[in-house]
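Please look through the sequence and the structure below before reading on.

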Amino acid sequence: MSRLKCAARPDTMLRIPVENGMDFRLSDDHLMIQSAARDFAQAEIAPVAHDFDASGQFPSDNIRKAGELGFMGVEVPEEYGGSGLDTLSFVVMLEEIAVADAAHSTIVSVNNSLYCNGILQFGTEAQKQAFVRPIASGAAIGCYGLTEPQSGSDAGNMRTRAALSKDGSHYLVNGKKSWITSGPVADKMLLFATVDPAKGPKGVTAFLVDTRLPGYVRGKTEPKLGIRASATCEVEFADYRLPVENRLGREGQGFEIAMTVLDAGRIGIATQAVGIARAAYEASIAYVRERKAFGSAIGSFQMIQAKIADMKCRIDASRLLAMRAAWNKAEARKAGVRNTTEASVAKLFCSETAMYCAHQALQIHGGMGYSKEMPLERYFRDAKITEIYEGTSEIQRLVIARQETGLR
Ligand code: CAA
């Protein structure tokens, strides 16, 4: 908590009465990071979110400030440059960033959960010092290289090849990764490549890549529907030389690492979705109180009330699911079991809530919702990605059903 100097303030929104022996209250540490994130997001991000969306520029200054506040490595222990807090702290922080702007929250989420998490869990001491410390402190940015042009949902079907040299000192990497969040600006990448394509997922191996070295070639930044300020590109590996010490885990362990990391990352996307839904909902509450039709505030009409009530129920349920997944992450680790179901349930439900709320909020705003002068159309465009990246809603349903039935 060393860099989180902000005083705690009571927050009613997340304080839920204690029932049946369960305590839903956030601790003072959680309230402190939530409050610090809200102050930062409302002061620094919200005022510029529209302009960054319009230009598609990467918000470097704000990301540097987020690093200074300790938001880029929330769960990373202080000895590796992070804030040393828990996953619930990450979640309450990220929701506040996402309310202000989804694109910023994508950058923050990937850095924390997809990049730092896996290295902390599977890395050696030297790897943590070299590859986590600069990223968790916000001095540098991390990215995650799994997807390829021909393998999105079927992540095990990758072609990027890592060939071990005859003397065993290094791997030579060749191939293409696509849809790399923060790829255009990242300093380090957690890369997945196969040491033997014939082995399918069993050949997948994880590596730690310095993106400033020769052979890491950035493609053009993708023009996207939403989260436009989060830079995304294709990356080509052209005879990229990777020292053998930069392999994360064993040869063939990469698919397990990729999936374990996604179990953490999906909590971040679930939370981002809660933030987008909340932004759309809060805008709607203000609008239905103020906008008049047929002589009354539109919020007094039952069809509008139904939309407000349905949004509220889904947002509350979503937040609880995201928090359950966050809370259970450490519990599952302690028990030696996976947090897969909790993470996928949260990701699926929250992303569909974001899309639902953005849709309803735009409808409530009518023509104003369709205008670029209001943020509703941005929420609508931003919400869509939460149903696609870090595993589509279809993949989440497949994962949940497989976990529940034990069938494939
Ligand atoms: N944790 C640990 N191990 C896991 C695991 C998990 N959650 N899920 C699977 N595994 C293991 C399995 O136990 C299995 O090991 P064994 O063979 O030793 O039993 C191995 O991995 C293979 O598992 P499956 O047979 O289930 O693999 P599959 O080929 O059927 O695929 C899948 C499973 C769920 C479809 C998976 O490919 C998947 O999640 N696909 C979606 C990929 C995805 O989310 N991509 C997102 C890209 S990143 C991104 O979007 C970032 C961004 O921009 C922000």
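This is a predicted model: local features need pLDDT of at least 70, side-chain atom pairs count only at pLDDT 80 or more; totals for chains, interfaces and linings use all residues.

Glu 390, however, has its place in a loop, the one between helix H9 (376–386) and H10.

Pro 184 and Lys 166 are 18 residues apart along the chain, and their C-alpha atoms are separated by 32 Å.

Which residues does Pro 184 touch, if residues up to four places away in sequence are not counted? The contacts of Pro 184 are with Arg 218, Thr 221, Ala 231, Thr 232 and Cys 233.

## Three domains

The protein is divided into domain 1, which covers residues 28–140, domain 2, which covers 143–252, and domain 3, which covers 255–405. Taken over C-alpha atoms, the centres of domain 1 and domain 3 are separated by 20 Å. In the contact between these two domains, 28 residues come from domain 1 and 30 residues from domain 3. The area buried between domain 1 and domain 3 is about 2300 Å², and carbon and sulfur atoms give 59% of that area.

## Where the ligand lies

The ligand lies between domain 2 (143–252) and domain 3 (255–405), because both of these domains give residues to the shell around it. There are 27 residues around the ligand, of which Ser 153, Thr 181, Lys 202, Arg 266 and Glu 390 come nearest.

How is the shell around the ligand made up by class? It holds 12 nonpolar, seven polar and eight charged residues.

## Polar contacts and cover

A polar backbone atom of Ser 153 is 2.8 Å from a nitrogen atom of the ligand, while a polar side-chain atom of Lys 202 lies 2.6 Å from an oxygen atom of the ligand. For Gly 391, a backbone N or O atom lies 3.0 Å from an oxygen atom of the ligand.

On its own, the ligand has 1100 Å² of accessible area, and the protein covers 75% of it. Two or more residues of the shell come from each of helix H4 (102–122), strand E3 (170–181), helix H6 (254–290) and helix H10 (393–405). H6 gives the most to the shell around the ligand, with seven residues.

Key. Residues are numbered from 1 along each chain as its sequence is written. Side-chain values use heavy atoms; hydrogens and water are left out. A residue is near a molecule or strand if one of its heavy atoms lies within 4 Å of it. A polar contact is a pair of N or O atoms within 3.5 Å; within protein, one must be able to donate a hydrogen and the other to accept it, and residues adjacent in sequence count only if both atoms are side-chain atoms. Accessible areas come from the Shrake-Rupley method with a 1.4 Å probe; for residues, only the protein chains shown count as cover. Helices (H or I, at least four residues) and strands (E, at least two) are DSSP runs, numbered from the N terminus. Ala, Val, Leu, Ile, Met, Phe, Trp, Tyr, Cys and Pro count as nonpolar, Asp, Glu, Lys and Arg as charged, and the others, Gly among them, as polar. Domain bounds come from an automatic or database domain assignment. Contact means heavy atoms within 4.5 Å. Buried area is the accessible area (1.4 Å probe) that two parts lose on being put together, summed over both.
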